[in-house]
Amino acid sequence: MKRKVRIGNSSGFWGDEPLAMRRQVLLGKLDYLTADYLAEVSMSILAKQQLRNPQQGYVADFIEHIKLAEDALKQYFPKIITNAGGMNPIACAQALQEALHSMGFDKKVMAVTGDNLMEQIDQLQADGEQFENFETGNSFNYPLEQLVSANVYTSSQGIVEALQAGADIVIAGRASDSALTIAPCVYELDWELDDWDKLAAGMVAGHILECGSQACGGNFTDWQQVSQWTEMGYPIVEMNADGSFEVTKAEGTGGLVNQWTVKEQLIYEVSDPTNYMGPDVVADMSEISITDVGEHKVAVSGVKGKPAPQTWKVSMALRDGYKAVGQVVVGGKNALEKAELLSKIFWKRISTRFYRTATNFIGANALGNALAKEESREILLQFVAFDLERAHLQTFAKEVAGIILAGPQGVAAYGGRPKPQEVIAYWPTLLDKRNIKQILWDVPFQAKEREINSFYPHMAKEKYEQISSPHIQPDKGDFTLLTPSVELAEVSMKDLCLARSGDKGNTANLGVLARSEAIFDFLKKHLKTDLVKQWFKDQCHGEIIRHEWESLRGFNFVLNDVLDGGGTKSSRLDPQGKMIAAAFLAQKVFVPRKLIP
């Protein structure tokens, strides 16, 4: 048993920096390297790849990143854990073995499958499973032909057993983001599988690692504090056997690690901080402590855990028609006025009535009224049409260019003729984990299935209960922050707070951190859901729920029905809600002068 284990991350999404892995291996002094490539939409894209070619369906970027890191890996080769397997972990492992062999490496590669439920959906529905959408409450009543992918966020079980079997590299499918970090902690630090506090610490460490450079100054509210943006640092966690850990980055890399960069990542995509749920454990972060302990070094402790839930999250994706996007550029004086006229002309010229349409005035209000500009000399006018029939969108595609010469002066073509694209809708649901079987594979050049043990045999007789957050009633209206007075100072929310936002389907999380205790106490009284709704009323059509986070002097606002369906179903310029935090921080408010930092 080790006293500590050092784990670094080199990828936060499919498309992250190609040389980050090389930098982490060369400079990170790691025991383990994790690489996270998957998001909700990723699995449907990989599923369509696999339909075209059965040997695809995995994130080929991972193999490229390994090749780019060849010189570093020849100096030192940490154990590697990734979810790059996507829809096809075995094919990914085989492709990796070929690459390793060509580079002269002899490594044991294992794949973990079992997250792909596509072949089980029929039987599960026959057994009474409704696959209820936990955002809308609707049952899944679509023809199975529309279903593109269905993957459960699996626990660390398969990865732990791969490490026990001697794996140097473990390739999983849609394992939960935190499982990539929990597994080496369990294996190396000999954690008991019902020591919920330690497992919860591993889950929180995984959440800090999972988004790549976001914990190292990327997307940071106070971005001016970052002095070096080239060769960005990626996060490294040193986990102690007792569940406390430190967050840092490799020496000589860019970026910034301090308590605020770590806190911003921690509040990202977390709803209720007392019930942060994963397949391995439920983390209670209400008493978490995050403190600076050195240059680019932050200590984290105080995480508590609760027993793992009986049901695990499943991400389903289904075909939901088609969309086409066409654009023209409008310039000169009164650009917005001209663009608005062109929009009216365009939609009146089209005789076809589409399932859904939208117009975005990029450069004026395409990111919502909370960030709208009153005057702009340049507008990218974007038309969006959705329809269940691809053929209906051909008329739309041909009409876009036609308005260039049929409207006000100062219009230019932008891009080619729009091409209809398939819309993939996100369907989040839950499934009893007893329906899920993870399988371990030895992958030299031909895959061989291994028997996988039951991960929690000692819990078989325990009663499982789904842990859910209490429903929090909306606040009564309080618009004190919008009321001017000679005694008050006008400031932006950025003067008072840091913030970060992100999506989960059609829901967005807005995490807010007060810059001082006094500001937090003031905002507890006056930063209510009705005020946030006022700022985002043109975008948010559902309920907003506020969670207080005393230990971080922060709040988590959950905005429902805010992303126009989310993913490819959205007509928004920002379908993932990343700009919600920027819009929040830009809002002007009136506060007592003594609060201003």
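**Reading strands, burial and contacts**

Mentor: Let us begin with one detail, namely that the side chains of Asp-478 and His-526 are joined by a polar contact of 3.1 Å; a polar contact is a pair of N or O atoms within 3.5 Å, where within protein one must be able to donate a hydrogen and the other to accept it, and residues adjacent in sequence count only if both atoms are side-chain atoms. The model is predicted, with local features needing pLDDT of at least 70 and side-chain atom pairs counting only at pLDDT 80 or more, while totals for chains, interfaces and linings use all residues. Residues are numbered from 1 along each chain as its sequence is written, and side-chain values use heavy atoms, with hydrogens and water left out.

Trainee: Is Asp-478 buried or exposed, and which side chain of opposite charge is nearest?

Mentor: Buried means under 20% relative accessible area and exposed over 50%, with partly exposed in between (1.4 Å probe, protein chains only). A salt bridge needs a side-chain nitrogen of Lys or Arg within 4 Å of a carboxyl oxygen of Asp or Glu, and for charge Lys and Arg count as positive, Asp and Glu as negative, while His and the chain ends are not counted. Here Asp-478 is buried but has no salt bridge, the nearest side chain of opposite charge being Lys-528 at 4.7 Å. The side chain of Asp-478 also has a polar contact of 2.6 Å with that of Thr-480.

Trainee: Why is strand β16 described as largely enclosed?

Mentor: Strands (E, at least two residues) and helices (H or I, at least four) are DSSP runs, numbered from the N terminus. In β16, residues 378–387, nine of the ten residues are buried, so the rest of the structure largely encloses this strand.

Trainee: Which strands pair with β16, and over how many bridges?

Mentor: Two strands pair if DSSP finds at least two bridges between them. Strand β14 (residues 311–331) pairs with β16 in the antiparallel sense over ten bridges, with Val-328 having Leu-381 as its bridge partner in β16. Strand β15 (residues 356–362) also pairs with β16 in the antiparallel sense, over seven bridges, and there Ala-358 has Val-384 as its bridge partner.

Trainee: Which strands stand at the edges of the open four-stranded sheet?

Mentor: The order of this open sheet is β22-β23-β25-β24, with antiparallel pairing. Its edges are β22 (497–504) and β24 (544–549), and each has a single partner strand, so one side of each lacks a neighbour in the sheet. Between β24 and β25 (residues 554–559) there are six bridges, and Trp-549 stands opposite Gly-554 in β25.
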